[in-house]
Amino acid sequence: ARIGIDRNRVADWPGSEPGPAARARARFVAEAMRPAERTDAWRRLAVEDGKSVTPESVAGLRRVVCPTPREEAAVIALLLREVLEEPGRTGALITPDRALARRVAAELRRWGIEIDDSAGQPLGSTPVGAFLRLSARAAAEGFAPVTLLALLKHPLAAAGQAPARLRARVRALERAVLRGPRPAPGLAGLRRAVESLDEKKMAKERADALALVDDLAARAAGFSALLAERRAGLADLIAAHLGFAEALAESDENSGAARLWRGEDGESAAALAAELHRSAGGLPPVAGADYPALFEALIAGPVVRPRWGRHPRLFIWGPLEARLLHADRLILGSLNEGVWPADPPPDPWLSRPMRSRFGLPLPERRIGLSAHDFAQALGARDVVLTRAERVEGAPTVPSRWLLRLETTMRAAGLFATDPAIREAWDGGPWQAWQDRLDRPERIAPCPRPAPRPPLAARPRRLSVTAIGTLMRNPYGVYARHVLDLRPLDPIDADPGAAERGGILHAALAAYLDEAGDVPPEDAHARLLALGEEAFGATLDRPGVRAFWWPRFERIAAWFLAKQAELELGRQVAAVEAEGRLEIAAPGGSFRLTARADRIDRLPDGRLAVIDYKTGQAPSAPQVEAGLEPQLPLEAAIARQGGFAGLAAGEPAALAYWRLTGGDPAGEVREVRGDAAALAEAALAGLGDLIAAFDDPATPYHAVPDPARAPRFDDYAHLARIAEWSAGGGGEE
C-alpha cells in the first residue's frame with residue numbers, strides 16, 4: 001500500500017516454493033498467531049473438514065521448560081552439541097536475552113566449542129575494558145583493598161616488571177596489610193600501614209611492599225591529582241587515565257601501549273580512546289569523582305566482535321539477525337513474558353494520543369515486530385522452544401507465543417491423538433540428560449577425616465588455648481601444627497575480635513606495668529594515651545577509629561573503676577607473663593606454654609588468675625567439665641612456678657574479665673569451685689590427653705562430638721564437615 005502497487009503483482013522469489021511440510025507449518029503458525037478478535041475460530045479446529053492444524057504441522061517442533069536459566073543454558077548447549085554429530089548440519093540459538101546467550105557460550109566451552117555470537121561482547125567486559133574500568137575505579141576509590149587487588153592481579157598489570165614477579169609482590173602486600181581492617185584511604189595510608197610492619201620479622205615483605213606502593217604512587221600521581229579536583233577537563237582526565245593504564249601495563253619486556261592496545265579488544269579500546277580524544281574538548285568540565293561512572297557509561301556502548309576462531313556450524317543470533325539467516329536447528333530461548341516479547345518501554349514524554357497525532361508508532365508496535373520474528377523462526381524444520389520457570393528466584397510467566405501455540409494444539413486435539421506430540425511438547429529426554437551430565441555415577445560422601453601422622457610429626461608443644469581445641473576439634477590442631485596452615489583474614493574486613501583483643505591486652509599491660517599498684521592521679525588520661533600507642537597506625541583505618549576507639553574509652557573507664565574496687569593488699573604480680581610446664585609423656589617430654597593476661601597476688605599470698613575476654617567468655621560449667629581448660633592450666637603452671645618472674649603460689653581464684661565496651665563496658669565472671677582442685681584436675685586430664693595422642697594409632701578426628709564443637713573453626717572447609725555430616729558419616 002505504501003509504494004502503490006497491487007499485492008497480487010508481488011511474485012514469489014524464484015526457487016522459494018515451499019514443500020508440503022513447510023506449507024503445513026505455515027498454516028499452523030498463521031492459525032496460532034490469529035488476531036485476538038478472531039481467536040474464537042480455535043473452537044472449530046477439531047471439527048474442520050480441511051484441518052489447518054495436523055500432526056504434520058508440528059513435526060519437528062519441541063518445547064523444553066527448565067527450572068532456572070542455568071539449566072536452560074545447559075539444555076540449549078546440549079541441543080547444539082547434538083547438531084555436530086551429523087556432518088554439515090548447522091544450529092543456532094535465537095534469543096533477545098544476552099544473559100542466556102553468555103551462559104550458553106560458557107556451557108559450550110566444556111566441549112571446547114567457541115560459538116559465534118552475532119551480538120559480540122561489550123568492550124567493558126573484555127580484558128582490556130575491564131583493566132581500564134578497574135584503573136579508573138581504583139584510583140577514584142583511593143586504592144581501596146578490593147579494587148586495588150583486582151587491578152594489580154589483572155593479567156595486563158605489570159608495573160614495569162615481569163607480570164609473575166608483580167603478582168608475587170602483590171600477594172605479599174595482600175597478606176601483610178590488605179587483609180583485615182581497611183588501611184587509611186589513599187596510597188599514603190597504605191604506605192603507613194606497610195611502615196607499621198615489624199622490620200625484623202617481615203623485613204623482605206616490608207621492603208617489597210614499600211617499593212610497590214611507591215612505584216604505584218609515582219605512576220598514578222597525575223591521574224589521582226585530577227580525580228581529586230572539583231572540576232577538570234574531560235580531555236585531561238581521559239589522557240591522564242590512559243597514561244596511568246599504559247604505565248601500569250608496562251612490563252620488563254614490552255611498553256604499556258604495546259601490551260594494552262593489542263588484540264581485538266585492544267584495537268576497539270584504542271579506537272574508542274581516539275574518538276574520545278577528538279570529541280572530549282567540546283564537553284564541559286566534570287567533577288573528578290564522577291569520571292569513573294562517566295567512563296563506565298562510555299565504554300559500555302562499543303562491542304567487540306571476533307574476526308575468526310569461532311565454530312563454523314553453531315551460532316547465536318538476535319531476533320533481527322535471524323530474519324536473514326537459516327540453520328538446520330533453531331532454538332528459540334528465554335520465551336518468557338517481559339523478555340520475548342519485551343515489555344513496551346515507558347515513555348515519560350509522550351502519551352499514546354500524542355504519539356498518534358505526531359505520526360509516531362505506538363510502543364506496542366515492537367510486540368508486533370517481535371511476533372513477526374517469532375513466527376518467521378518457527379518456519380524452520382527443527383525448532384526447539386525453551387524457557388525457565390524461575391529467574392533470580394522469582395517465578396516467570398510463559399511467553400504469549402508459547403501459550404498461543406499450546407492452545408492451538410489443544411484445540412486441534414493433537415495432544416489427545418498423538419502421544420509423540422505430547423512428549424515433544426513436554427520436553428522429551430533433554431532435561432533428564434542435562435541432569436545426568438554433571439551427575440557422577442555414584443555419590444559417596446567423604447568419610448569423617450581421621451589423619452594419623454607419625455609420632456615424630458605430632459606436636460610436642462602446645463599452648464593452653466590449643467588444648468581446648470585438641471579436645472573439641474583435634475583436626476584443627478592437626479591442620480595448624482602438623483600441616484602448618486594459617487587462616488587468612490578476609491579482604492577489607494570489619495575489625496576482628498582477635499586484633500581488637502591484642503590491642504586491648506597491650507594497652508592494659510602497658511598501663512599496669514607503668515602504674516603498678518598505685519594508680520597515678522591522671523590514670524584515665526594516661527590509659528587513653530597508652531591506648532593510642534597500642535593502636536598505633538591502626539587508628540588510621542576508618543573502621544578502627546569509628547568502632548574500636550569509642551569502645552576502648554568506655555573500657556578504660558570501667559577498668560579503672562574496677563581497679564579501685566579491689567581489696568587492699570592485692571598486688572598485680574604478673575602481666576602478659578610467659579609460662580611453661582614440662583610434662584612427661586609416652587612420646588617424650590611435652591611442653592605446655594601459656595601467656596597469662598594477668599595474675600594477682602592476694603593479701604594471703606595465694607594467686608588469682610585473670611583472663612581478659614573481648615568476646616564471649618566460657619561458662620562456668622564448661623570450665624568445670626574441662627572443655628575450657630585455659631585458666632585451670634594457667635593456674636597449674638603458676639602453682640609450679642612456671643611463669644617467669646613469678647614465685648610459685650597456690651591458686652585461689654579464677655576469673656574472666658569480659659571487656660566489650662558496650663553497656664556495661666565490662667563485667668567479671670568468677671569461676672566457681674576450688675581453683676587448686678580445678679588446676680589439678682585439668683593437669684591430670686591433660687596428661688591423659690597427651691598420652692592418647694602419643695599413640696600413632698590415635699586419629700585427629702574432626703569434631704568428635706558435635707554437641708561440643710567449637711564456636712569458630714578456621715578449618716571446617718578443609719575437614720569438609722558439611723559434606724560428611726550431611727551424608728551421615730559418623731565415627732569409625
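**Figure 1. Radius of gyration and overall dimensions of the predicted chain.** The radius of gyration of the chain is 36 Å, whereas a compact globule of 732 residues would have one near 27 Å. The model is predicted. Along the principal axes, the C-alpha atoms fill a box of roughly 120 × 65 × 55 Å. Secondary structure amounts to 29 helices and 16 strands. Of the 732 residues, 44% are buried. Among contacts with a separation of 6 or more, 74% link residues 24 or more positions apart.

**Figure 2. Surface and charges of the chain.** The accessible surface is about 37,000 Å². Carbon and sulfur atoms own 53% of that surface. The chain carries 94 positive and 98 negative charges.

**Figure 3. The open parallel sheet.** Six strands line up in the order β1-β8-β7-β2-β6-β3. Their pairing is parallel, and the sheet is open. Its edges are β1 (61-66) and β3 (116-117), each of which pairs on one side only. Strands of a sheet are held in pairs through backbone hydrogen bonds, in either a parallel or an antiparallel sense.

**Figure 4. Close-up of β7 and β8.** Strand β7 covers residues 329-332, and strand β8 covers residues 382-388. The two pair in the parallel sense over four bridges. Look for Leu332, whose bridge partner in β8 is Leu385. The loop between β7 and α14 (352-358) holds Pro341. Trp340 and Pro341 are joined by a cis peptide bond, with omega about 10°.

**Figure 5. Strand β14 and its two partners.** Strand β14 spans residues 607-613 and is mostly covered, with six of its seven residues buried. Strand β13 (residues 590-601) pairs with β14 in the antiparallel sense, over four bridges. In that pairing, Ile599 has Val609 of β14 as its bridge partner. Strand β15 (residues 651-659) pairs with β14 in the parallel sense, over seven bridges. There, Asp611 has Tyr656 of β15 as its bridge partner. In a regular strand, side chains alternate between the two faces of the sheet.

**Figure 6. The β13-β14 hairpin and Thr593.** Five residues separate the two strands of the hairpin. Gly605 takes a positive phi near 95° in this hairpin. Thr593 belongs to strand β13. Thr593 counts as buried because its relative accessible area is 13%, and buried means under 20%. Leaving aside residues up to four places away in sequence, Thr593 touches Arg461, Leu462, Ser463, Val464, Gly579 and Arg580.

**Figure 7. Phe559 and its surroundings.** Phe559 sits in helix α24 (residues 542-565). Its relative accessible area is 0%, so Phe559 is buried. Beyond residues up to four places away in sequence, Phe559 touches Leu508, Tyr511, Leu512, Leu527, Arg598, Tyr612 and Trp657. Phe559 and Leu508 are 51 residues apart in sequence. Their C-alpha atoms are 8.8 Å apart.

**Figure 8. Ala99 and its separation from Leu508.** Ala99 lies in helix α3 (residues 98-108). With a relative accessible area of 35%, Ala99 is partly exposed. Ala99 and Leu508 are 409 residues apart along the chain. Their C-alpha atoms are separated by 56 Å.

Figure 9. Pro664 is in the loop between β15 and β16 (666-670).

Figure 10. Most residues other than glycine have a negative phi, and most peptide bonds are trans. Val703 is not a glycine, yet its phi is positive, about 50°. Val703 is placed in the loop between α27 (675-693) and α28 (716-719). Its relative accessible area is 8%, so Val703 is buried. Arg720 has a positive phi too, near 55°. The loop between α28 and α29 (721-726) contains Arg720. Arg720 is partly exposed, with a relative accessible area of 45%.

Key:
Residues numbered from 1 in each chain as written. Predicted model: local features only at pLDDT ≥ 70, side-chain atom pairs only at ≥ 80, totals over all residues. Heavy atoms only, no water. Rg over C-alpha atoms; globule rule 2.2 N^0.38 Å. Buried < 20%, exposed > 50% of the residue type's maximum accessible area, 1.4 Å probe, protein only. Contact = heavy atoms within 4.5 Å. Areas by Shrake-Rupley, 256 points an atom, 1.4 Å probe, with all protein chains shown as cover. Lys, Arg positive; Asp, Glu negative; His and termini not counted. Charge placed at Lys NZ, Arg CZ, Asp CG, Glu CD. Pairing = 2+ DSSP bridges.
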